[in-house]
2 protein chains.
Amino acid sequence: MIFPLSRAVETRSGDPLQMQKNLRKPTLSEVAALAGVSEITVSRALRGSSMVTADTIRKVQVAAESLGYLRNRLAGALAGGPSNQVGVILPSLSNIVFPDVLKGLEDRLEHAGFHPVLGISNYDPEKEEHLIRNLLSWRPAGLVIAATSMTATSRGLLAASGLPVVEIMDIDTPPIDMAVGMSHRAAGLDMARHLIGRGYRHLAYVGHDIGRDNRAMARLQGFRSGLQEAGLALEGQVVLTEPSSVALGRRGLAQLLQANPKQVDLVYFSNDDMAVGGVFHCMAEGISIPGQLAIAGFNGLDLGQSLPRRLTTTASHRSRIGEMAARVILERLNGQETVHLTDVGFTLIAGETA
Amino acid sequence: MIFPLSRAVETRSGDPLQMQKNLRKPTLSEVAALAGVSEITVSRALRGSSMVTADTIRKVQVAAESLGYLRNRLAGALAGGPSNQVGVILPSLSNIVFPDVLKGLEDRLEHAGFHPVLGISNYDPEKEEHLIRNLLSWRPAGLVIAATSMTATSRGLLAASGLPVVEIMDIDTPPIDMAVGMSHRAAGLDMARHLIGRGYRHLAYVGHDIGRDNRAMARLQGFRSGLQEAGLALEGQVVLTEPSSVALGRRGLAQLLQANPKQVDLVYFSNDDMAVGGVFHCMAEGISIPGQLAIAGFNGLDLGQSLPRRLTTTASHRSRIGEMAARVILERLNGQETVHLTDVGFTLIAGETA
DNA sequence: CTGAAAGCGCTAACAT
DNA sequence: ATGTTAGCGCTTTCAG
């Protein structure tokens, strides 16, 4: 049995634990009976409706308290009340980016009394579709999704849901409903221009599993465009088919330098974790930064900014994305007009490694 | 597949909230009508009950598909069906430890078709209590909580809920229902013994906001016990009242060395982030590791293991904690016997920094 | 300001 | 193998 019913125990008034153990979960009508009012009045009182006397509110509260009443939102939501759940679909929690986004999201939702209901797609469109169906079946107040590449059915489900739906991270493609994020293409381009401006001419790239991370791919595309503008091209490239990590970045740079022994003077990494790995490789091999080799990353993690030499990188405003996503959902639920595209931008950090 | 977008009734305004209100989703009975069977048969067919003909299952599926039917689990759960939601309360998402735990948890829950419903307590017992009440009101299948110090009411609510409740991280205090974690005291003790065995005699500590992180405090206590065993004591200590970070560790070590110029030969940090900060400080100041100063951390993050010299630390099995928490909940829901205390242990990593 | 009636959409418990 | 009957516990009408 799923809910083992506790048997009767001797009551000790005042102890909420004991009070509740004696009975099935008390319902509205039991509270109503004890308070000497109707169910609906209890409902209104407990939800803070304006149309209830302060006096009856108190009566109801006392009754509810003494019974250890716990609201049943399943019933409430089914009966047409609002839900305070927001479905959240992320591709992963391993990449620090997503916990950061989730943090911002949760923080704002929390303030409004909402909760994220989480699903991790693991970069799999099929699973993503499955998750959408699943989360939607709980009739949440809204949905936030960091999509990979949605199936047509997924898009259909979201569009048909009639809920506020926010697609986060990217704003490079038109959203079903709303989007919050930044242009990764622009970030890559921006970094390329910055580096070229600093005099680097022999640039290479070290990346992680790019098939799954089309944000990283967009950055690389932007970066390439920047090189093209200056009549340059990537002089080396290592793309490893594993999730990004410090260890992978270290390995990736070793591999790159083995294949392209001398000419490269700067390596653009797919993100800061990878870039820090690159820095560590240089430290271990006695390669001076940025003298012999310059390094740039993406994300602006605390980690990179605490290196002996501050990492040159692009700060992404991750928790801000989460915050804004929560914000547009709440605004929409509030009946306010909402913007369909929110660009949180990015900030180039000219550090000491490039 | 047809999405019930066109089924809006009486749509008169462009206001999205209105549109949403007017959208009617198809129900079981509509599917039943179309399939020419009863509601309950549809219900059974869609849930994969064994007692339905393959043929009617197909009929039902076709009908459901063509209407764009989407299961309403609110109604299902209210009517006595199982919930696939598990409440999860964590103190923070900023500390990498908790995303890691959440990852393991989500992964296992996912496989069983369950979803975490998240609440972040921000190390505040009042908020924690509030979250417990809130999540419980959705009648989840279980609850996982990384508690700070619960209020009596919180404990009462959890005990009275009759749900599987798992307290995670610590196993140093007796749980209300079940606990999954490790002994942080033991980890600190273990590290102290290891270091003393390596010959260090002048040990100091650099920690972060310990008032909020009683796990770190437990490690420090264990560490001290280890010193005592050897007739030693901490020769220096800096505890900063901020959340742990690489930057803070760097600052903390600088502060420690300023106050205790020469005697210290090893610094135990409250965790790896802090320890890496310490390593960076040494790099920047030209202090050789471990020759002039040895460093040890806690957690076994990828980061520390990718340093030019692998960090000496204790690997905590974070995602394993999440996995085991999910496991005991699922076992309990499955009617199996469950253990009340699960120690996932820890692993000392004898790196190159101490 | 309070109440009575009428479901919300589903599933468990018995039917057949 | 399928159907019938009753709710689950609440909140929306609409009355008073």
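Q: If a residue is near a molecule or strand when its C-beta atom, placed from the backbone, lies within 6 Å of it, how many residues surround DNA strand D, and which are the closest?
A: There are 25 residues around DNA strand D, and the closest are Leu28(A), Ser43(A), Ala75(A), Gly76(A) and Ala79(A). Please note that this is a predicted model, in which local features need pLDDT of at least 70, side-chain atom pairs count only at pLDDT 80 or more, and totals for chains, interfaces and linings use all residues. Residues are numbered from 1 along each chain as its sequence is written, while chains are lettered from A and ligands numbered from 1 in the order in which they are written.

Q: Which elements supply at least two residues each to that surface near DNA strand D?
A: They are H3 and helix H5 (73-78) of chain A, together with H3 of chain B. Helices (H or I, at least four residues) and strands (E, at least two) are DSSP runs, numbered from the N terminus.

Q: And how do its residues divide by class?
A: The surface near DNA strand D has 11 nonpolar, 10 polar and four charged residues. Here Ala, Val, Leu, Ile, Met, Phe, Trp, Tyr, Cys and Pro count as nonpolar, Asp, Glu, Lys and Arg as charged, and the others, Gly among them, as polar.

Q: What about DNA strand C: which residues come nearest?
A: Of the 24 residues around DNA strand C, those that come nearest are Leu28(B), Ser43(B), Ala75(B), Gly76(B) and Ala79(B). Two or more residues of this surface come from each of helix H3 (39-46) of chain A, helix H3 (39-47) of chain B and helix H5 (73-78) of chain B. H3(B) gives the largest share, four residues. By class, the surface near DNA strand C has 11 nonpolar, 10 polar and three charged residues.

Q: Changing topic, what rotation superposes chain B on chain A?
A: A rotation of 180° with 0.1 Å of shift along its axis does so, at an RMSD of 0.2 Å. The two copies are therefore related as by a two-fold rotation axis. In chain B, the C-alpha nearest the axis belongs to Val117(B), at 2.2 Å from it. The superposition is by least squares on the C-alpha atoms of residues with pLDDT of at least 70 in both copies.

Q: On to the strands: where do the residues of S3 in chain A point, and are they buried or exposed?
A: In S3 (residues 142-145), Gly142(A) and Val144(A) point one way, Leu143(A) and Ile145(A) point the other way, and all are buried. A residue is buried if 20 or more other C-beta atoms lie within 10 Å of its own, exposed if 12 or fewer, and partly exposed in between, with C-beta atoms placed from the backbone.

Q: Which strand pairs with S3(A) over three bridges?
A: S4 (residues 165-170) of chain A pairs with S3(A) in the parallel sense over three bridges; two strands pair if DSSP finds at least two bridges between them. Ile145(A) stands opposite Glu167(A) in S4(A). From S3(A) the chain passes through helix H8 (residues 152-161) to S4(A) in a right-handed β-α-β crossover.

Q: What is the order of strands in the open sheet of four strands in chain A?
A: The order is S7-S6-S8-S9, with parallel pairing. S7 (236-239) and S9 (294-296) are the edge strands, as each pairs on one side only. Neighbouring strands are turned by 15° against each other on average, direction ignored; axes are lines fitted to C-alpha atoms, for helices over the stretch in contact, and angles run from 0 to 180 degrees between N-to-C directions. Within this sheet, four bridges join S6 (residues 203-207) to S8 (residues 266-269), and Val206(A) stands opposite Phe269(A).

Q: Lastly, which peptide bond in chain A is cis?
A: The bond from Ile289(A) to Pro290(A) is cis, with omega near 0°. Pro290(A) lies in the loop between helix H12 (272-285) and S9 of chain A. In chain B, a cis peptide bond joins Ile289(B) and Pro290(B).

Key: A crossover is right-handed if, with the strands pointing away from the viewer, the path from the first strand over the helix to the second runs clockwise. A residue is near a molecule or strand if its C-beta atom, placed from the backbone, lies within 6 Å of it.
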